[in-house]
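Here's a quick briefing to read with the structure open beside you. Take it one topic at a time and find each residue as you go.

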Amino acid sequence: MTTPITIIGAGLGGLTLARVLHVHGIPATVYEADVSADARTQGGQLDIHEHDGQIALAAAGLINEFRAVIHRGGDVARVLDQHGTVLLDESDDRTGARPEVLRGDLRRILLDSVPADTVRWGHKVTLVRSLGDGRHELTFADGSAVTTNLLVGADGAWSRIRPLVSDAKPEYTDVTFVETYLYDVDQRHPATAEAVGAGAMYALTPGKGIVAHREAGDILHTYVELNRPAEWIADIDFTDATAARARIAAEFDGWAPELTALITDGETAPVPRMIHTLPAAHRWDRVPGVTLLGDAAHLMPPSGDGANLAMLDGAELARSIAAHPDDIEAALTAYETFLFPRSAAAYADAHEVIDL
């Protein structure tokens with residue numbers, strides 16, 4: 001089978017690309033390794049910025065749907081010390097510049113906005129090869145194959161498409177976030193719920209910290225942040241949730257119990273998220289018939305920009321294709337001309353955030 005535009009990855013960036021192409025009357029097919037939209041959880045809340053993510057949603061014609069799932073009041077923030085003392089308490093400025101939404105809700109909106117046959121689930125890429133003249137053949141784990149005239153890698157940190165344009169590989173930053181959840185927090189964990197407050201809570205010290213966010217549905221979603229080498233993380237048996245919680249909590253000995261409860265009372269198994277990054281200002285030479293977006297293009301430490309950038313990438317690539325309907329190479333050149341400097345600026349911000 002031959003398809004004009006093939007997108008690998010049904011994340012926010014790939015789906016935004018598919019949706020904005022659809023708005024312009026341009027068909028595309030998205031291939032996703034997950035077997036269904038509900039195959040795995042989609043992470044926590046995102047703050048969607050007015051200068052990138054909201055621009056992408058406007059291009060997709062989905063601003064009203066987005067506003068309907070905003071977690072009102074979720075963009076308040078506070079900073080605590082390790083003893084639970086409030087150092088800074090920022091209220092919602094009500095500007096709407098960075099409203100909070102659940103990643104899963106945003107993905108559902110995008111999925112619902114494209115034709116039902118746009119996403120082909122259960123298609124894990126195992127092989128990609130160039131056929132020349134900008135055409136590529138992809139083989140999937142089920143043995144099927146597809147040939148495409150335009151291939152877009154929207155497949156995240158460990159992209160199978162990136163090697164077509166770049167030799168760069170993600171490198172560990174010596175920072176790991178350990179993810180935990182608490183549920184029904186106002187009733188079952190009132191002291192911790194009060195410490196976190198109505199939005200985001202940051203309790204950070206040199207080399208380690210706890211960041212939590214109240215989500216809709218009386219949920220606290222936590223990332224325990226640790227400056228540790230890969231070997232230290234590998235030495236923890238995360239298949240033994242109780243032992244893993246105890247090992248992580250030991251790093252916070254002497255901290256306020258309402259903060260350490262975010263670790264010790266976690267109601268899901270702790271999950272390590274080792275933070276990787278591509279080289280700063282990652283870019284590539286123009287390769288006919290293929291490009292990247294989102295983490296496949298510019299994986300960087302988390303700073304609140306990742307999802308926003310991926311969505312803006314998708315929207316801008318779609319608009320560039322629509323503006324050059326008979327010249328794919330001109331479309332890709334125009335897209336990458338803006339992608340690279342925007343990514344470089346975001347890398348600088350991301351590294352400053354993780355250093356702080």
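**Rings, strands and a loop**

Tyr181 counts as buried, because its relative accessibility is 16% and the cut-off for buried is under 20%. Keep in mind that this is a predicted model. Let's start with the aromatic rings, then move on to some strands and a loop.

**Aromatic pairs**

- You'll find five aromatic pairs in the structure.
- Tyr181 and Tyr183 make up one of them: the ring centres are 5.9 Å apart and the planes sit at 5°, so this pair is stacked.
- Phe252 and Trp255 form an edge-to-face pair, with 4.8 Å from centre to centre and 85° between the planes.
- Phe252 is buried, with a relative accessibility of 1%, and Trp255 also counts as buried, at 9%.
- Why quote two numbers for each pair? A pair of aromatic rings is described by the distance of the centres and the angle of the planes.

**Charges over rings**

- Phe252 has another neighbour to look at: the charged end of Lys208 sits over its ring, 5.7 Å from the ring centre.
- Over at Trp232, the charged end of Arg228 sits over the ring, 5.4 Å from the centre.

- Strand S9 runs over residues 135–140, and its covered face carries His136, Leu138 and Phe140.
- Arg135, Glu137 and Thr139 are on the uncovered face of S9.
- In a regular strand, side chains alternate between the two faces of the sheet.
- S9 pairs with strand S8 (residues 125–132) in the antiparallel sense, over six bridges.
- Glu137 stands opposite Thr147 in S10.
- The hairpin of S9 and S10 has four residues between the strands, and Gly143 in its turn has a positive phi of about 95°.

**A loop residue**

- Arg72 lies in the loop between helix H3 (63–67) and strand S4 (77–80).
- Is Arg72 buried or exposed? Arg72 is exposed, because its relative accessible area is 62% and the cut-off for exposed is over 50%.
- Arg72 and Pro99 are 27 residues apart along the chain, and their C-alpha atoms are separated by 7.5 Å.

Technical notes. Residues numbered from 1 in each chain as written. Predicted model: local features only at pLDDT ≥ 70, side-chain atom pairs only at ≥ 80, totals over all residues. Heavy atoms only, no water. Helix = DSSP H or I, 4+ residues; strand = E, 2+ residues; numbered from the N terminus. Buried < 20%, exposed > 50% of the residue type's maximum accessible area, 1.4 Å probe, protein only. Pairing = 2+ DSSP bridges. Phe/Tyr/Trp six-rings, centres within 6.5 Å; stacked < 30°, edge-to-face > 60°. Lys NZ or Arg CZ within 6 Å of the ring centre and 35° of its normal.
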